[in-house]
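Visitor: Please show me the model, and I will ask about it piece by piece.

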Amino acid sequence: MPMNQPLLHEDSLDYTPLAHSVTLARRRAARLVGEWGHPDLAGDVAVVVSELMSNALLHGSLHDRLIRARISCGAAALRVEVSDPRGDRLPWPRPAQAADQFGRGLLLVAGLADRWGVEVRGVCKAVYAEWDVSRVTSEPCHGQDSSLHLVVVNSGLRKAKP
Ligand SMILES: Nc1ncnc2c1ncn2[C@@H]1O[C@H](COP(=O)(O)OP(=O)(O)OP(=O)(O)O)[C@@H](O)[C@H]1O
Ligand SMILES: [Mg+2]
């Protein structure tokens, strides 16, 4: 379920819906997670941010709306979320066949994070992934609980500058 705890760190940045934004968000997330004291999670966070940003770009973007990547960390959990302007289209993991070229991104997210889900926020949505940082050192194997959660709240994304 979504993280509900006092935050120690938080970062939020809006990106134009372009391929290079995926790289920028991935690198920023990995760097911040290391700086916040969780370098062991930086690799997994980088992959998850990359998948969520790619999905937002390919499946949830509008040319004149920004995509937001937010990373936050409390004493118990680390969370990344990527918001896009298509609240009417929801992510849905599908079983990928051996020969399928696509359809594995969310499976990766589910395998690397402890939880993931989507929050519909008015016309927008945020897809998030969380890690329980309190048990990182004792349980380095993630993905024990990868069930999908859906929460509806109200928010919005700014319009992209032309
Ligand atoms: N942000 C999103 N907005 C709307 N639909 C999404 C979003 N993310 C995922 N989806 C839907 O969920 C499906 C599964 O996503 P997933 O990332 O697993 O596969 P993919 O993006 O199709 O392929 P791959 O990630 O392997 O390149 C997508 O095909 C898409 O229909
Ligand atoms: Mg994908």
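Visitor: In which sense do β4 and β5 pair?
Guide: This is a predicted model, in which local features need pLDDT of at least 70, side-chain atom pairs count only at pLDDT 80 or more, and totals for chains, interfaces and linings use all residues. Residues are numbered from 1 along each chain as its sequence is written, while chains are lettered from A and ligands numbered from 1 in the order in which they are written. Strands (E, at least two residues) and helices (H or I, at least four) are DSSP runs, numbered from the N terminus, and two strands pair if DSSP finds at least two bridges between them. Seven bridges link β4 and β5, and the sense is antiparallel.

Visitor: Which residue in the turn between β4 and β5 has a positive phi?
Guide: β4 and β5 form a hairpin with two residues between them. The phi in question is about 65 degrees, and the residue is Gly122.

Visitor: How many bridges join β3 to β5?
Guide: β3 and β5 run antiparallel. Within this pairing, Leu78 stands opposite Trp131, and Ala77 has Asp132 as its bridge partner. The number of bridges joining β3 to β5 is eight.

Visitor: What is the bridge partner of Arg70 in β3?
Guide: β2 (residues 67-74) pairs with β3 in the antiparallel sense over six bridges. A hairpin of two residues joins β2 to β3. In β3, Arg70 is partnered by Glu81.

Visitor: How many residues of β3 are buried?
Guide: A residue is buried if 20 or more other C-beta atoms lie within 10 Å of its own, exposed if 12 or fewer, and partly exposed in between, with C-beta atoms placed from the backbone. By that count β5 is mostly covered, with eight of its nine residues buried. β3 (residues 77-84) is also mostly covered. Of its eight residues, the number buried is seven.

Visitor: Why do the buried residues of α1 line one face of the helix?
Guide: The buried residues of α1 (residues 19-35) are Ser21, Val22, Ala25, Arg26, Ala29, Ala30 and Val33. They line one face because, seen down the axis of α1, the directions from the helix axis to their C-beta atoms fall within an arc of 160 degrees.

Visitor: Which residues are exposed on the other side of α1?
Guide: The buried residues of α1 have covering elements that include β1 (7-15), α2 (42-59), β2 and β3. Just after α1, Gly37 takes a positive phi of about 95 degrees. The exposed residues on the other side of α1 are His20, Thr23 and Glu35.

Visitor: Why does Met53 count as buried?
Guide: Met53 sits in helix α2. Two residues are in contact if their C-beta atoms, placed from the backbone, lie within 7 Å; not counting residues up to four places away in sequence, Met53 touches Ser21, Val22, Ala25, Arg26, Ile67, Ala69 and Val82. Met53 counts as buried because its C-beta neighbours inside 10 Å number 26.

Visitor: How far apart in space are Met53 and Arg26?
Guide: In sequence, Met53 and Arg26 are 27 residues apart. Their separation in space, C-alpha to C-alpha, is 8.4 Å.

Visitor: What covers the buried residues of α3?
Guide: The buried residues of α3 (105-112) are Gly105, Leu106, Val109, Ala110 and Leu112. Their cover includes β5, β4 and α2.

Visitor: Which element gives the largest share of the shell around ligand 1?
Guide: A residue is near a molecule if its C-beta atom, placed from the backbone, lies within 6 Å of it. The shell around ligand 1 has 18 residues, the closest being Asn55, Gly60, Pro91, Phe102 and Gly105. α2 and α3 each supply at least two residues of the shell. The largest share is four residues, and it comes from α2.

Key: The expected span of a helix is 1.5 Å times one less than its number of residues.
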